[in-house]
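Reader: I am new to this structure. Please take me through it in short steps.

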Amino acid sequence: MTHENQIHVRMFGDLVLEYNGQPLELERSRTTKAMRVLQFLLYRYPKGVSRERLMDALFGEDSTADPANNLNVTISQLRRRLSKSPLGQVTAIRLQGGRYLLESTAAITTDVAQFERYMAQAAAADDEDRRLNALLKAEALYQGDFLPHLAADDWAMTTAAKYRMEYFDCLQSIQQLLPGRGEWEALLAIATKACSMHPLEEFYCLRIDCLMSLERYQEAKQVYDQAVRTLTEEFVVKPSEELVKRFQLLSLAGQESHETIFELNNQLQEPDRETGAYYCSYPSFIDVYRMCCRMIERSGQSACLLLYWLVDSRGRTLTDTGKIAQAAPRLRGAIHNSLRRGDAFTQHGRDRFLVLLIGANRENSAIVEQRIEQRYKADPVRGVALRHSMQTVDTRMPLPNSGIWRPIHEGQEV
């Protein structure tokens with residue numbers, strides 16, 4: 001395939017410019033005003049963008065600036081940048097009828113324009129094969145959100161939302177066509193890619209359905225665990241009935257197997273005998289907790305439930321997502337290394353952990369609390385502290401929600 005006198009632009013997932021098949025980098029940063037103008041012009045090629053629209057996009061929030069003059073300066077900078085690149089011989093920026101236009105003697109193609117063309121072909125197709133072919137080509141072009149580095153620009157953000165919804169529509173149509181053809185492997189690859197870009201529950205369910213249809217039940221169980229972990233730890237939402245239904249189906253799948261009790265025992269064992277507490281997902285933690293309640297009813301043992309959460313240095317609710325992302329793994333490590341193998345814990349939201357101490361009373365728990373705090377303080381995140389609350393396990397109660405804790409907000413006394 002010849003690339004002579006061609007400019008190709010990728011905008012889904014990143015900005016990639018190619019001229020005659022060779023990557024081209026005009027500036028190190030893709031967020032300078034000159035580069036933002038170029039990306040707007042490439043997206044709107046060949047129609048162009050009005051001067052007013054560009055001024056609003058670049059300088060709308062700066063009340064002290066002279067938008068018209070600043071835009072002239074920015075366009076001049078962009079022209080100089082283009083003239084020093086291989087594109088200088090084939091492109092020019094013109095002002096015509098109040099609109100800035102990108103003109104080129106080379107053929108310019110963009111993935112967004114191709115995506116729109118394939119989606120239009122799919123909508124107009126009178127044949128299922130042609131429709132599916134167009135949909136698959138559109139799906140292959142979508143590699144992530146539209147120009148994600150420009151998410152702070154209103155025009156780019158709304159455009160990204162538009163294409164995201166069109167991509168979801170594309171997936172829904174593909175999902176209706178491929179299963180009837182038995183093409184589960186192809187649908188699995190598409191669903192896996194969708195999950196990596198947009199970790200939504202419906203895409204996890206689709207992956208599980210594909211794997212179950214392929215009788216790859218162990219992989220399906222791993223996807224279920226990953227979905228629960230992502231939803232509960234990153235997005236702080238509980239699995240829906242649809243996802244739980246997949247778990248129930250997985251529990252029934254493969255029951256025609258004929259493993260011996262010895263083989264099943266080996267399968268149930270942990271692959272490695274690790275030290276420290278047992279970490280599990282929140283739904284699994286609920287089962288562990290309820291089983292613990294039944295055991296202590298019979299044995300008379302005690303157990304304690306602890307809740308740890310991250311706060312700022314003044315004890316207020318931590319809202320800095322960057323600090324949460326740094327501190328949560330360190331708190332998780334401190335908890336894991338401070339407890340016995342017979343204890344269990346889980347992450348419940350981005351910044352909270354639940355700990356179940358089996359066979360412990362309040363006095364034992366106090367020792368564990370000190371150990372966890374000391375381990376965290378040995379490798380802390382600046383400006384992030386710990387808080388915790390504790391409750392003895394009452395077998396007459398369901399899983400406590402630690403309602404005794406209330407976060408401190410601005411304006412309240414510490």
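**Loops, helices and confidence**

Reader: Between which two elements is E215 found?
Author: E215 is found in a loop. The flanking elements are named from DSSP runs: helices (H or I, at least four residues) and strands (E, at least two), numbered from the N terminus. The loop of E215 runs between α8 (201–213) and α9 (217–234).

Reader: What kind of model is this, and what is the mean pLDDT of the chain?
Author: This is a predicted model, in which local features need pLDDT of at least 70, side-chain atom pairs count only at pLDDT 80 or more, and totals for chains, interfaces and linings use all residues. Residues are numbered from 1 along each chain as its sequence is written, and side-chain values use heavy atoms, leaving out hydrogens and water. pLDDT is the predictor's confidence in each residue, from 0 to 100. In the chain, 90% of residues reach 70 or more, and the mean is 86.

Reader: Which helix has the highest confidence, and which the lowest?
Author: The highest mean, 97, belongs to helix α4 (residues 111–124). The lowest, a mean of 70, belongs to helix α11 (residues 261–268).

Reader: What is the phi of E215, and is E215 buried or exposed?
Author: Most residues other than glycine have a negative phi. E215 is not a glycine, yet its phi is positive, about 60 degrees. Buried means under 20% relative accessible area, exposed over 50%, and partly exposed in between (1.4 Å probe, protein chains only). With a relative accessible area of 59%, E215 is exposed.

Reader: Is L147 buried or exposed?
Author: L147 lies in the loop between α5 (128–141) and α6 (154–177). Its phi is also positive, near 35 degrees. Its relative accessible area is 0%, so L147 is buried.

Reader: Which residues does A227 contact beyond its neighbours in sequence?
Author: A227 is in helix α9. Its relative accessible area is 0%, so A227 is buried. Its C-alpha atom is 8.6 Å from that of L243, 16 residues away along the chain. Setting aside neighbours within four places in sequence, A227 is in contact with Y204 and L243.

Reader: Which residues does F247 touch?
Author: F247 lies in helix α10 (residues 241–252). It is partly exposed, because its relative accessible area is 31%. Not counting residues up to four places away in sequence, F247 touches K221 and Y224.

Reader: What is the radius of gyration of the chain?
Author: The radius is taken over C-alpha atoms, and the globule rule is 2.2 Å times the number of residues to the power 0.38. A compact globule of 414 residues would come near 22 Å. The C-alpha atoms fill a box of roughly 85 × 60 × 30 Å along the principal axes. The chain has a radius of gyration of 28 Å.

Reader: What share of the residues of the chain is buried?
Author: The chain has 14 helices and 12 strands. Of its 414 residues, the buried share is 41%.

How values were computed:
Contact means heavy atoms within 4.5 Å.
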